[in-house]
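Hello,

Here is the structure we talked about. My notes follow below it.

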Amino acid sequence: MAWRGNISKSLKELRILLCQSSPASASTRTFVEKNYKELKSLNPKFPFLIRECSGIQPQMWARYDMGVERCVNLDGMSETQILKSLQDLVKAGGAAKA
């Protein structure tokens, strides 16, 4: 999973929006709890923004060069699917720079 260390090279910012208590955000909360520490240690200066808001649908926003943003709706996704979505967002950023 070498791509995890390339997040800061492919993206400018990653925002994860979730609800603190809703069942729809349960997998997203677990994903953040299990992966944030490792991702941050591999990309120490990269802005990982975790935003909690009551009643919001879980989403992941990636910001690329020139202010381009892509959003992934995380509602109903498993932790594995969320990780795959993040990997796809990172690959999209790397492909844009190639």
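A nonpolar core here is a set of buried Ala, Val, Leu, Ile, Met, Phe, Trp, Tyr and Cys residues joined through side-chain atoms within 4.5 Å. Buried means under 20% relative accessible area, exposed over 50%, and partly exposed in between (1.4 Å probe, protein chains only). This is a predicted model: local features need pLDDT of at least 70, side-chain atom pairs count only at pLDDT 80 or more, and totals for chains, interfaces and linings use all residues. Residues are numbered from 1 along each chain as its sequence is written, and side-chain values use heavy atoms, with hydrogens and water left out.

**Core.** The largest nonpolar core has 22 residues. I7, L11, L14, I16, F31, M60 and L86 have the most contacts inside it. Two or more residues come from each of β1 (13-18), α2 (26-42), β3 (59-63) and α3 (79-97). These are DSSP runs, numbered from the N terminus: helices are H or I, at least four residues, and strands are E, at least two. The largest share, five residues, is from α3. L86 touches W3, I7, L14, F31, L39 and M60 (heavy atoms within 4.5 Å), leaving out residues up to four places away in sequence.

**Cysteines.** With a disulfide taken as a pair of cysteine sulfur atoms within 2.5 Å, the count is zero. For C53, the nearest cysteine sulfur is that of C19, 7.7 Å away. C53 is partly exposed, at 40% relative accessibility. C71 is also partly exposed, at 38%.

Best wishes
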